[in-house]
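Subject: A structure for you to look at

Hi there,

Here is the structure I promised to pass on. Please open it next to this email, and then read my notes below.

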Amino acid sequence: MNTRIYCLIFLFVNLDTVQHAECQKINGATLATELNRVANAVGRSFIQNIYDKLKYTHTARNGGDHSREIARKISQRMENMKTSLTYLKQTMENTFGQMAPSNTYQDCCVDGNYENNLHFRTKVSLEEFCYSKPNYVREENLRYPTMNVLDTMKTNHENNKNLQFQYIALNSGLFINYPATKLTDCDTYDPRFRPFFVASTTTTPRDIVVVIDISASMRGYKLTAARHAFSTVIKTLSAKDKIAIVVFNDEADSPSGCYSDMLVPVTNTTQEYLEGFLNAKGASGGSDYAKGLRKAFSYLKTNSSKGTMSREQIILFLTDGENLGDNPLEIIRDENQQLQNRVVINTYGIGAGLSSEDKELLKNMTEQKLNSISYGHVRSGKSVIIADVQTTSLSEVLGTYYNYSSLPISQSPAYTQPYKDLFSREFVMTGCLPIEHRGAFVGVVCADILLSELVSEIMYLQEGEFSYAFVIDGEERTLIHPLLPDPRDVTAEEYDVNNIYNFETSGDVHEVINSMKKKTGQRMLLTTVIESRGDRLYDGDSQRQLDAVYYWTPIVASGSNLSLCLVLKKNSNITTLNDLPRSPTDTRGFVYHRWDLTRWPPPYCRHFNRYATKARTTVKFTPDAFTDPLEYKGVEETEQRVQQYAKYLAGTITTNPGLKTSAINSIRATHPIEDFWKTNSSRDAPYLVWRYIMTEDGVNRIYPGIRLTNDYDHKLRPWYRRTVSQKLLNVVSAPYEDSWGSGKVISITRAILNRETNHAKIEAVIGTDFSIFYFNQLLKDIYPVCANTTYYSCIVIDNSGFLVMHPYYIETTSPIKESIHITYMEGKISRSLIAAGLMFREPCRDTEKKKEQFTYRVRLPQSHPNGIVDSIEGYEMRPVSGSNVFLVLKQRGLKEESPCCSELSSEPPSRVQCGAGQCTCLCFKSLDFNDCENKYTNLDENVPCNPKLPILGSVSPPEEDRTRYLDTCFPTSCPCRKTERQCFRTSGCSWCTSTKEGKLFDLIGGFCDLKESCPNQMCVEKDCSSKCCNAECDSKESNSLVEIVAPTVSVVVIIIVVIVVAIIVFFVIRKGRSQTDDTYFDPVHTGSDFSSSQFDYNAATDYVTIPELPELSARAEENLKIKDGKE
């Protein structure tokens, strides 16, 4: 009944547009047809037909062999690093006695003669190393390496291309860096407190309790120095170590919660909490040593009860005054004998107020004078007295609490956990070897390797859509996993939550993990695969239950406790495209995207703000296209290398420059699309902005041909992930601001499939972009009701709830900064969809942020396959079959709108706390997490999120100088397009409706101009007026001549007319004399009868057949202002 009433309302308020319609105003099938037409206009059917004719080979996988091969390559890189480190270590030890107190080397803190270097991602000098030291280290205590060390570093760089920076850190505080580069924070940078140095100073995990006096005498600079020193101690701890803090005066105090009785691992969270606790404490009262010591021992006893006999246990005790409590030696005796005298105590007395008795007591505390060896060997610590902490660095003293002379000298490298590199901003691992002189530890030699290069085969694994690999160490910490941040992401933060069970959640996976620490093996498990649906915060993930086989093997290398696991779908095959023969077009069909390294075929042109060639598509490779991705990644491309690509593909050389066979076949398989784009597509679909196809094996092809950023990788883009996850659909993306100058655009992409396989393996993704204003006009043309904007709004949303089309996008002149979710704009519709269960939230665990992140899904149930009608809220929603979008018709003005949340749509969902209601914006909820144990309280509540897509470090090369005087690639005839409908049928035009000050062109209603002159329908030129078109320009140029010649022309015309009439009369009379003729001169109009022509403005427009328009050359179009006489 309600539906009928709703239909009557529709008929009444819009009778003229729906007189031939049924109750359903909109039908998604019409838009589906148009989306298919767009997809085919860019060549989806054309290229799919080509792939359907190709032949493939299917090979059974051998996961065991493949996992061992990957592990072998990682092992080899680690062994190569050891070789380089050993060479540098030997050079340092052989020349250590020759080190001199003065030097002529480059200071790392001073600008030098540096040049940009792609490998090191910064400016360097490969001809020298540089040095630095913290400001509290005295120059007279330093000795500098010889030139032999520089020669060794150069040799290592030449022989091992995986190495990043090499450096030497001495226990004097001196730091040597190769190649030389400009460092920051030199005055405070102390290499002894960095992860790489710490990793080499311990082979046994440490439990540290820092005990700090906060009595009244510590007030001021002494307490400040103690705070800095505590932070330094934290920096010396590795991932295996734990720490606690105790402060005391008349009483002892410690942090609250789980921190009150637990030693905690050093994470970003625990470090911030412990430092905050100390910083909040003021100085007051007296000093009771005994109370501080009792609390310190309670931490160690609690930890000892958990079977940590193999851990070093150390108390660092800091005071400046007299003990006013019980005898601390008795406390040490009684407490330490319960721990078999394992605890070592270091004491630090600061300030001039310490008496000789105080100093003696502190010394006796380190020697544990009252302890009995019957409970175990008593290990003495060290006692340090600092008279003035303003002239002596307490941080340096406390931070070097371990005894250098007693440190073991390992012959195997020690490796850090992954951390962010200062220069590349990627994740690196550092390997170090200790240096010894006369049997004592004197420092370390180290080298970095990018994590993405160490595990390169995992980063570019191409075993299929349901394959992945991960690496863990012997402590179950995860180095690489698809659910960890991508190590190439320059914006990713360092992570602490890396236990493998956060990411591998299958029921029996613990048996695999336990076995990985010991041996090689394999096992089949039912596992949950987390697949990205696009952008993590906006599209979320999907889950798939998969019968998978886990293959694991150790990574055998010196210093390695790593293991690798390869996960493959059960009974899956490797499908490869059979070799395609070289075609005659291979000699001319390959144009690499680097215009700076190869000569493009003309004509050269400007496509929006990009330098382009209209003659060809350009091709770019990603690392996936190479047999060894490291041969491409991080290596500067040269003109010679690009020539090798072209010559090999053309057959003029036989040496393969490293390209995979599959990539070569993809180049040949996608080449026919070039002619299609240049002819059919450009002619029939001039509204398309860019045309591109990108393959699974790393081949990018785009038209018009342009240059991409050197490290552009389509697999890391949301639109590609979105298409892969919905490979059978036309995938329409929410509008965005095109960084290449074409304004607000929408993308439509479609997977190209190998349909020989049961699950239709993805071979490539083809796509195109078009203006949002074209899409708006298209909706109005195919749905007449959408043109009635007074009463209706036509809205398109995707299946994540994001607005693809909305009146806001058309009405605003502001650029699009972020995708906008329907909950931000359409509260009524959002609440209705949520209440009906058609839009619902899906959670996932943001492992590092300790949040439950929510995204939306929009899905019609089987009971409503054709959509829904909500007569109360005044809208209907229809599915657009074969796509990821829905069409919504909303009746305007029924109720006042109220969005589901007050936050701006530009606010990242990771910063928006979920509210109490059902209808919320994209948001998060906090999860229960035990910071002291660095683990979740319950891992079974939800699945982990995929990490955010990485942002790589490259920047687009500037092209303004190359495009400034070029013609546009395609004639647009913008001034000749007199209606908005015609204007948006070409990608280079925009319908101007206002000036940049916002003044509307009311009298003329707008005009068509170049998009760069009128982005977002707002004119940005000084002269905002319509331009003339062909004959109009000629008539304006001739107006001034008309006034001069008009009288003369009139006389001449009259004379000519008289003569012509006389001649005609003569011949008529003459003919009449010979015969009778009833024929009359009757003017007949043989052209179109414009007065009687009928145009059905409500009929669907044919967007394939474009009406003939006068064409202007691109140069002429840009010069229209001059012809118009206005400039």
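Which residue caps the N-terminal end of H10? Aspartate 288 does: one of its side-chain oxygens lies 3.2 Å from the backbone nitrogen of alanine 290.

Before you go on, a word on the background. This is a predicted model, where local features need pLDDT of at least 70 and side-chain atom pairs count only at pLDDT 80 or more, while totals for chains, interfaces and linings use all residues. Residues are numbered from 1 along each chain as its sequence is written, and side-chain values use heavy atoms, with hydrogens and water left out. Helices (H or I, at least four residues) and strands (E, at least two) are DSSP runs, numbered from the N terminus.

H10 covers residues 289–304. Its 16 residues should span 22 Å at 1.5 Å a residue, and the end C-alpha atoms are 23 Å apart, which agrees. (The expected span is 1.5 Å times one less than the number of residues.) Among the buried residues of H10 are Leu293, Ala296, Phe297 and Leu300; buried means under 20% relative accessible area, with a 1.4 Å probe and protein chains only. An α-helix has 3.6 residues a turn, so residues three or four places apart point the same way.

H17 (residues 639–650) has 12 residues and reaches 17 Å from its first C-alpha to its last, close to the expected 16 Å. Its buried residues include Val642, Tyr645 and Leu649. Strand E27 (618–621) and helix H18 (661–670) are among the elements that cover the buried residues of H17, in contact by heavy atoms within 4.5 Å. After H17 comes glycine 651, with a positive phi near 90°.

**Loops worth a look**

Where are the cis peptide bonds? One joins proline 602 and proline 603, with omega about 5°, and proline 603 sits in the loop between strands E24 and E25. Another runs from tyrosine 703 to proline 704, with omega near -5°; proline 704 is in the loop between strand E29 and helix H20.

Asparagine 341 is not a glycine, yet its phi is positive, about 60°. It counts as buried because its relative accessibility is 1%.

Happy exploring!

Key. Buried means under 20% relative accessible area, exposed over 50%, partly exposed in between (1.4 Å probe, protein chains only). A polar contact is a pair of N or O atoms within 3.5 Å; within protein, one must be able to donate a hydrogen and the other to accept it, and residues adjacent in sequence count only if both atoms are side-chain atoms.
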